[in-house]
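Me: I would like to learn how to read helix contacts and strands in a structure. Could you take me through them slowly?

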Amino acid sequence: DPGGPPVTEPRPVELIIEGYRDQVLRWNRQISLITRKDPGGILDRLLAQCHEGLEAVLGLGLGDGPVAYFDLGSGGGIPGVVWLVGLQHRGLAPRACLVEPREKRAWFLDRLRGIVGMPNYTVSEARWGDDELDHLQSPVALISLKALKLTDTEILAGLPQVDGCGRLVIARYYPPGEPWTPELASDLHISASGSVLAGGGVDWCSRGGRVLSGTDFSLVISEYIPAE
């Protein structure tokens, strides 16, 4: 209908990420979001890690959405903002919260919501578990961490209630070549398959852990389903 309202096409992912990259480089000197030595080169490397890491996680099969997504210790939005854009692009309708206790970085994350085409999300200016997050409803919950070291016990203790959630996936970035070992599982409190831990008002049954390797990173994955 030529006389109807104009159709608004979704903004290409590349333009959203380009806008995000511009904001990081613009505010880096004032807020210290990434290193000040070759920030453009370092940021491009981090963005590549984000894109490849998300592809690895999507390879686990997260269903058709929506996905409840939490990025802990978001800092300047790595990987939270990039994963959020990617999840939205794949049609998973993420309901996202970026958790960052440092005031200036939380302010920066909130500012990024103004980028044209950026999916909606909330920012929790608190430590994980210290903020009363809204209840969500989603069949899958995804939690990512880039530099923050929290055990699965600590992560589950801070998990808000996610109604209808049948699967919880935790993804941690580690240096490339990280092997899966009993010591790593012990350090992160990743229990053997079948063990039960509580979190978000639910008893979760562990499905164990593994390492997904990429070109320039490793992802330590742990998964849970509701205990019967």
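Me: Which residues in α2 meet which residues in α3?

Reply: Contact means heavy atoms within 4.5 Å, and helices (H or I, at least four residues) and strands (E, at least two) are DSSP runs, numbered from the N terminus. In this predicted model, Leu 47, Cys 50, His 51, Gly 53, Leu 54, Val 57 and Leu 58 of α2 meet Val 82, Trp 83, Gly 86 and Leu 87 of α3. The residues of this contact divide into eight nonpolar, three polar and no charged, where Ala, Val, Leu, Ile, Met, Phe, Trp, Tyr, Cys and Pro count as nonpolar, Asp, Glu, Lys and Arg as charged, and the others, Gly among them, as polar.

Me: What should I know about the numbering and the confidence limits?

Reply: Residues are numbered from 1 along each chain as its sequence is written. Local features need pLDDT of at least 70, side-chain atom pairs count only at pLDDT 80 or more, totals for chains, interfaces and linings use all residues, and side-chain values use heavy atoms, with hydrogens and water left out.

Me: Where do the side chains of a strand point, and are those of β1 buried or exposed?

Reply: In a regular strand, side chains alternate between the two faces of the sheet. From β1, Val 67, Tyr 69 and Asp 71 point one way, Ala 68, Phe 70 and Leu 72 point the other way, and all are buried (under 20% relative accessible area, with a 1.4 Å probe and protein chains only).

Me: Which strands are joined to β1?

Reply: Two strands pair if DSSP finds at least two bridges between them. Six bridges join β1 to β5 (residues 140–145), running parallel, and five join β1 to β2 (residues 95–99), also parallel. Tyr 69 stands opposite Leu 142 in β5, while its bridge partner in β2 is Ala 96.

Conventions
Buried means under 20% relative accessible area, exposed over 50%, partly exposed in between (1.4 Å probe, protein chains only).
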